[in-house]
Amino acid sequence: MERSDERFFIFILPLVVLALSLCVAKVADAAVSLPKPVKLEWHYYRVQNTCRDAEVYVRHQVELVYKNDKSLPAKLLRLLYSDCFVTGCDASILLDGDYSEKTARQNWGLGGFELINDIKTVLEDRCPGVVSCADILHLATRDAVHMAGAPAYPVFTGRRDGMTSNSDSVDLPSPSISFDETLSYFKSKGLDLLDMVTLLGAHSLGRTYCRHVVDRLYNFNNTGKQDPSMNKTIATQLKALCPPRVKKGQSDPLVYLNPASGKSYSFSNTYYSRVLSREAVLGVDQQLLYGNNNTLTIVKEFAAGFEDFRKSFALSMSRMGSINVLTGKQGEIRKSCRVINKN
């Protein structure tokens, strides 16, 4: 066994231990293992000897951008979510077009496209027609988030790229939906309670538009009042940044999802501490405090121990990365991530 393989097994065993420990604590529906990578392969391009240094090339390009743009991890996390949670992890979000997925209202403000396109250009120069845009997006996200403090989790590769992208297929929910609606949505993608609580932790860094917050500040559930679950101090701070939306064309400022991370865009477990203290910015995040006993158990576990969250994050990111992937002769390997191949 190579040393890199040893590091993988040393790393992956604690993930299983964590998931099992949560199950022992009676956390219902918790994932207990990585999904069996039947179609995807760890270090696929190296094993297949088609582009042995593909992951090195990706990491280098990410490092170059991250030095000057610390918001990159948040951009790529949202981009990856917007891809996988629609038609699957097929890079359809990257395609241009008047009615492509990136034009859907839910995807306004997405970023990170330029980096993915630049990485593709580099790889096409070194390994033409080999590395998919779907894999590039997963590898780049892993590397960027790791630079922000997340674990360097294994990314199984061998995905192929989708050939269609339609804004009508974008069903990403509002960040104000209820706990039950959120859990049902995650389950519809093959994920579970532990995945949901863990992946929402990606909100430990990044920003959101005031339009996703004003309902909690001024008209919660059409009551004309503030969300009673919101801490008064954080509500006052947000009201100073997000005035009521009273006229068309009004500006829509951005606010940090986790002020504790702020401009540093650092990946941490402070998100869960803020949920417990009723300081979450988005309603979908604050709902974790009132979901059920199992949810509260996980939130408290992650708030108390960063390593538990880091390891569970690695597990859930791998599970999300297996949603409706294309392999074999399905799809294609795009020459440009922005358009499908001409033939």
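Predicted model: local features only at pLDDT ≥ 70, side-chain atom pairs only at ≥ 80, totals over all residues.
Residues are numbered from 1 along each chain as its sequence is written, and side-chain values use heavy atoms, with hydrogens and water left out.

**Whole chain**
- The chain has 14 helices and four strands (DSSP runs, H or I of at least four residues for helices and E of at least two for strands, numbered from the N terminus).
- Of the 343 residues, 52% are buried (under 20% relative accessible area, 1.4 Å probe, protein chains only).
- Among contacts (heavy atoms within 4.5 Å) with a separation of 6 or more, 76% are between residues 24 or more positions apart.

**Helices H5 and H6**
- H5 (residues 113–126) and H6 (residues 133–147) pack at an angle of about 120°, with their axes 10 Å apart (lines fitted to C-alpha atoms over the stretch in contact, angles from 0 to 180 degrees between N-to-C directions).
- Ile-116, Ile-119, Lys-120 and Leu-123 of H5 meet Cys-133, Ile-136, Leu-137 and Ala-140 of H6 in this contact.

**Helix H14**
- Because 11 of its 15 residues are buried, H14 is largely enclosed by the rest of the structure.
- The buried residues of H14 include Phe-309, Phe-313, Leu-315 and Met-317, and also Arg-310 and Arg-319.

How values were computed:
Buried < 20%, exposed > 50% of the residue type's maximum accessible area, 1.4 Å probe, protein only.
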